[in-house]
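Colleague: I'm new to this one and would like a close look at a single part of it. Could you walk me through it once it's on screen?

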Amino acid sequence: MNVIKTALEGVLILEPKVFGDERGFFMESFNQRAFDEAVGRPVEFVQDNHSRSARGVLRGLHFQLPPHAQGKLVRVTQGSVFDVAVDMRKSSPTFGRWVGVELSGTNHRQFWIPPGFAHGFLVTSDSADFLYKTTDYYAPQAEGAVRWDDPTVGVQWPLEGLTPLLSAKDAAAPLLEAAAHFD
């Protein structure tokens, strides 16, 4: 596995080894030992999720606060998305900054978003199947969010020709200055 560090401490792009020929491909989509080595510590996942979304769907930017903070290992098995992590750690020198990566069923990349970061994605293909592992269970009482188009954060979503399709909750998310955050 190739591990690519991003501008946000702890947020990683993971590129698994893919073996392909005229019959198709094979890859190890998850290996606990290799993952722990890549992130530099043991990580326990407790829940796997799968969503399918249409072109232009924008989900996020979401996080969960302690004691239910979640790390997420995300990937796309079909289609493509622009995936984003935003640093929500108030004491961090990169608080409010973001990084983004294209994840697709073709490039097989995975994105590790540790606890302390908001997460969201925009579907850039006709549809996308999005899979992710979490380090804590979904806890609605711990939910936090920041607006997808917050000008302070300034995520450069690839919206060429797209009008984002948002849930009512995501459309009403607070700006960074009013959002909950990690210390």
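How many positive and negative side chains does the chain have, and how far apart do the centres of the two sets lie? After that, please take me through helix H1.

Modeller: Happy to, and keep in mind that this is a predicted model. On the charges, there are 17 positive and 22 negative side chains, and the centres of the two sets lie 1 Å apart.

Before we zoom in, here is the setting. The chain's secondary structure comes to two helices and 13 strands. Its radius of gyration is 16 Å, close to the 16 Å that the globule rule gives for 183 residues, so the chain is as compact as a globular protein of that length. Along the principal axes, the C-alpha atoms fill a box of roughly 50 × 40 × 30 Å. Of the 183 residues, 46% are buried. If you take the contacts with a separation of 6 or more, 79% of them are between residues 24 or more positions apart. The chain exposes about 9500 Å², with carbon and sulfur atoms supplying 51% of that.

Now for your helix. H1 runs over residues 32-39, and its buried residues are Phe-35, Asp-36 and Val-39. They cover an arc of only 100° around the axis, which puts them on the same side of H1. The spacing rule behind this is a handy one: an α-helix has 3.6 residues a turn, so residues three or four places apart point the same way. As for what the buried residues pack against, look for strand S2 (12-15), strand S7 (72-78) and strand S10 (110-113). Turn to the face away from that buried side, and you'll find the exposed residues Arg-33 and Glu-37.

Two strand residues are worth a glance too. Val-99 sits in strand S9, residues 98-104, and is buried because its relative accessible area is 11%, with the cut-off at under 20%. Leaving aside neighbours within four places in sequence, Val-99 is in contact with Thr-6, Ala-7, Leu-8, Val-11, Asp-83, Val-84, Ala-85 and Phe-111. Ala-171, by contrast, is 72 residues from Val-99 in sequence and 21 Å from it in space, C-alpha to C-alpha.

The other one is Ser-51, which you'll find in strand S5, residues 47-54. Ser-51 is buried as well, with a relative accessible area of 17%. Not counting residues up to four places away in sequence, Ser-51 touches Arg-59, Phe-121, Ala-128, Asp-129 and Phe-130.

Note on methods. Residues numbered from 1 in each chain as written. Predicted model: local features only at pLDDT ≥ 70, side-chain atom pairs only at ≥ 80, totals over all residues. Heavy atoms only, no water. Helix = DSSP H or I, 4+ residues; strand = E, 2+ residues; numbered from the N terminus. Buried < 20%, exposed > 50% of the residue type's maximum accessible area, 1.4 Å probe, protein only. Contact = heavy atoms within 4.5 Å. Rg over C-alpha atoms; globule rule 2.2 N^0.38 Å. Areas by Shrake-Rupley, 256 points an atom, 1.4 Å probe, with all protein chains shown as cover. Lys, Arg positive; Asp, Glu negative; His and termini not counted. Charge placed at Lys NZ, Arg CZ, Asp CG, Glu CD. Arc of directions from axis to C-beta.
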